[in-house]
Amino acid sequence: MFDNPGKKIMQISKILFWIVTIVSVILAFVLGFEKYYYETEFYAGIFFTLLLGVPISTYVLTLFLVGFGELVENSKKTEA
């Protein structure tokens, strides 16, 4: 269970990146376009935040987590 934690951190962060990116793109289109009975409204702030802001910030967070995973992995190699 606790073998090779660096590789597991990297894998989990990559998987979470793709999940968050796909969900945010879907939510951008669902929440960005509100349908009322007679009209459709477009909320640009919500749309562009979910479409561009969330994936970019998630990518930056993933870079930090992958870098941390590599540090853990390399410290295990150095220890051996």
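Predicted model: local features only at pLDDT ≥ 70, side-chain atom pairs only at ≥ 80, totals over all residues.

Modeller: Residues are numbered from 1 along each chain as its sequence is written, and side-chain values use heavy atoms, with hydrogens and water left out.

Colleague: Are α1 and α2 roughly parallel or antiparallel to each other?

Modeller: Helices here are DSSP runs (H or I, at least four residues), numbered from the N terminus. The axes of α1 (residues 5–32) and α2 (residues 44–79) come within 8 Å and cross at roughly 180°. Axes are lines fitted to C-alpha atoms over the stretch in contact, with angles from 0 to 180 degrees between N-to-C directions. Over 145 degrees counts as roughly antiparallel, so the pair is roughly antiparallel.

Colleague: And how many nonpolar residues does the contact of α1 with α2 have?

Modeller: Nonpolar covers Ala, Val, Leu, Ile, Met, Phe, Trp, Tyr, Cys and Pro; charged is Asp, Glu, Lys and Arg; polar is the others, Gly among them. The contact has eight polar and five charged residues, and the nonpolar count is 21.

Colleague: Which helix gives the most to the nonpolar patch?

Modeller: A nonpolar patch joins Val, Leu, Ile, Met, Phe, Trp or Tyr side chains within 5 Å, from residues with over 30% relative accessible area and no salt bridge. A salt bridge would be a side-chain nitrogen of Lys or Arg within 4 Å of a carboxyl oxygen of Asp or Glu. The patch includes W18, V30 and I46, with about 1100 Å² of accessible area together across its members (Shrake-Rupley, 1.4 Å probe, only the protein chains shown as cover). With 11 residues, the top contributor is α1.

Colleague: Is S24 buried or exposed?

Modeller: S24 is found in α1, and its C-alpha is 9.5 Å from that of F47, 23 residues away in sequence. Buried means under 20% relative accessible area, exposed over 50%, partly exposed in between. At 4%, S24 is buried.

Colleague: What is the phi of N4?

Modeller: Most residues other than glycine have a negative phi. N4 sits in the segment before α1 and is partly exposed at 40% relative accessible area. Although N4 is not a glycine, its phi is positive, at about 55°.

Key
Helix = DSSP H or I, 4+ residues; strand = E, 2+ residues; numbered from the N terminus. Parallel < 35°, antiparallel > 145°, perpendicular 65-115°, else oblique. Patch = residues over 30% accessible without salt bridge, like charges linked within 9 Å, V, L, I, M, F, W, Y side chains within 5 Å. Buried < 20%, exposed > 50% of the residue type's maximum accessible area, 1.4 Å probe, protein only.
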